[in-house]
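This briefing is meant for someone meeting the structure for the first time.

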Amino acid sequence: MSFGGIEAGGTKWVCGVGDGGATVLRLETIPTTTPQETIARAAEFFNRDGILDGIGVGSFGPIDVHRASPTWGQITTTPKPGWAHTNLVASIHAALEIPVAFDTDVNAAALAESRWGAALGLETFSYITVGTGIGGGAIVNGRLLHGLLHPELGHMRVPHDRARDPFDGVCPYHGDCLEGLASGEAIRQRWGRPGEELSGDAAVWALESEYLALGLTNIVCTLSPQRIILGGGVTKQPVLLPLVRLRLQELLAGYFDAPELSSPEGLGDYVVAPGLGDRAGVLGAIELARLAAQVPTVEQLT
């Protein structure tokens, strides 16, 4: 069987075709422009393979993930111009006429990491992506985490020392939430250049690691994950993860009696990069489609 997957980001859509395994058989990246143009280009890509058995979409949000809701399948209150209240599921189904599975982009990435990547064998963990924005998903007791809505870990509030950092933040809703202070866009606006041009500036990454460690402290205290995976373009700075681990250990202050949280060695295996790299999102979207179709894995068949 053959499935499609879309990692529908605010900057780009990564579209892939797979058979439910860890390999993407065909891949294409499409810039996120208007909903009509972006969906049409994605449909053109998938139609080249003939009829697929289903498609999964891991989307930027906020989105409505509840099947019983009248607005299921929609992007809801996103600040991205032109995309608020776009019904992705209905539009993609109309273009391809195949079943559509739907979740957040970070939950999709978490799903892939749990099956093939850095969370293999874990029941409870969190996946955080730090790119243009900040998003977070989680698997808890083996299931993707949903509740009233879905996790919005990027919009948690963190302490903001305005004497050290007078920057107001970039989030149009909350100003200085975690995304408002620590996203790639926050770095660009605060320092006047994107993060990739600031790799040698220690002050940039000291401040960035402070905010990310504060956010991870909240996650440790609320979800008690067995591991935290940090992905996204910002986290590719080589100095960042070691700084985050060090500051996280300081903030936890020895309260948690767990080797994963009480030593540099333990934290080195606790806060990690994605095992699947940039493929996690699209592989997870394909996996959403396979699960919705209730098709067994190759391992289950053997």
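How many bridges join strand 7 to strand 8, and do these strands run parallel or antiparallel? There are 2 bridges between strand 7 and strand 8 (residues 143-144), and the two strands run antiparallel. The model is a predicted one, and the points below should be read with that in mind.

**Strand 7 and its partners**

- Strand 7 spans residues 134-140 and is mostly covered, with 6 of its 7 residues buried.
- On one side of the pairing story stands strand 6 (residues 125-130), which pairs with strand 7 in the antiparallel sense over 6 bridges, and within this pairing I128 stands opposite G136 of strand 7.
- Strand 6 and strand 7 together form a hairpin, in which 3 residues lie between the two strands.
- Strand 7 also forms a hairpin with strand 8, here with 2 residues between the strands, and the bridge partner of I139 in strand 8 is L144.
- The turn between strand 7 and strand 8 contains N141, which has a positive phi of about 50°.

- Although E208 is buried, it has no salt bridge; the nearest side chain of opposite charge belongs to R190, and it is 5.1 Å away, whereas a salt bridge is counted only within 4 Å.
- When its neighbours within four places in sequence are left aside, E208 is in contact with V130, L181, A182, I187, V234 and L240.
- One of these contacts, V130, falls within residues 125-130, which make up strand 6.

**The chain as a whole**

- The secondary structure of the protein chain comprises 11 helices and 10 strands.
- The radius of gyration is 19 Å, close to the 19 Å that the globule rule gives for 302 residues, so the protein chain is as compact as a globular protein of that length.
- Taken along the principal axes, the box filled by the C-alpha atoms of the protein chain is roughly 55 × 45 × 35 Å.
- Of the 302 residues in the protein chain, 51% count as buried, while the chain exposes about 13700 Å², of which carbon and sulfur atoms supply 54%.
- Among the contacts in the protein chain with a separation of 6 or more, 61% are accounted for by residues 24 or more positions apart.

How values were computed:
Residues numbered from 1 in each chain as written. Predicted model: local features only at pLDDT ≥ 70, side-chain atom pairs only at ≥ 80, totals over all residues. Heavy atoms only, no water. Buried < 20%, exposed > 50% of the residue type's maximum accessible area, 1.4 Å probe, protein only. Lys, Arg positive; Asp, Glu negative; His and termini not counted. Contact = heavy atoms within 4.5 Å. Helix = DSSP H or I, 4+ residues; strand = E, 2+ residues; numbered from the N terminus. Pairing = 2+ DSSP bridges. Rg over C-alpha atoms; globule rule 2.2 N^0.38 Å. Areas by Shrake-Rupley, 256 points an atom, 1.4 Å probe, with all protein chains shown as cover.
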